[in-house]
Amino acid sequence: IRAHPGYCKGQSIVLYVCYAGEGVPSFAQTLANDLNSMVYAVNGFIEIEYQTGRVSLSKPNGLKVEWKIFQPIGPNFKTFVRESYQKIIKNDPCLR
């Protein structure tokens, strides 16, 4: 993606890839972190009709398929979570 001449650093990415938005961490989340960009991906099958460009989503057994938005989580995010957790522990008498 970085090598593509049309790519601009930080732009949002839409992945037309089956199951790119499923898993922990998902491929989409890993890409969002790596590119420091928002990434849109589905958690199921995605089909694109060649002639019309129509996009359809599906999953076995009729389970819900949806587009998901993945925001980058960088090194500062881990610090934020740790500091927030420490504040909660410090201020909640039940957790001390």
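## The Glu66–Lys64 pair

Glu66 and Lys64 are joined through their side chains by a salt bridge, with an N to O distance of 3.7 Å. The structure is a predicted model. Glu66 has a relative accessible area of 32% and is partly exposed. Lys64, with a relative accessible area of 64%, is exposed.

Side chains of opposite charge can pair when their charged atoms come close.

## The Lys59–Glu22 pair

A salt bridge connects Lys59 with Glu22, and their closest N and O atoms lie 2.8 Å apart. This pair links distant parts of the chain, the two residues being 37 residues apart. Lys59 belongs to the loop between β4 (55–58) and β5 (67–70), whereas Glu22 lies in the loop between β1 and α1.

Is Lys59 buried or exposed? Its relative accessibility is 17%, so Lys59 counts as buried, given that the class covers values under 20%. Glu22 counts as partly exposed, at 37% relative accessibility.

## The Asp34–Arg2 pair

Asp34 and Arg2 form a salt bridge between their side chains, at 3.4 Å from N to O.

Arg2 counts as exposed because its relative accessibility is 53%, and the exposed class begins over 50%.

Methods. Residues are numbered from 1 along each chain as its sequence is written. This is a predicted model: local features need pLDDT of at least 70, side-chain atom pairs count only at pLDDT 80 or more; totals for chains, interfaces and linings use all residues. Side-chain values use heavy atoms; hydrogens and water are left out. A salt bridge is a side-chain nitrogen of Lys or Arg within 4 Å of a carboxyl oxygen of Asp or Glu. Buried means under 20% relative accessible area, exposed over 50%, partly exposed in between (1.4 Å probe, protein chains only). Helices (H or I, at least four residues) and strands (E, at least two) are DSSP runs, numbered from the N terminus.
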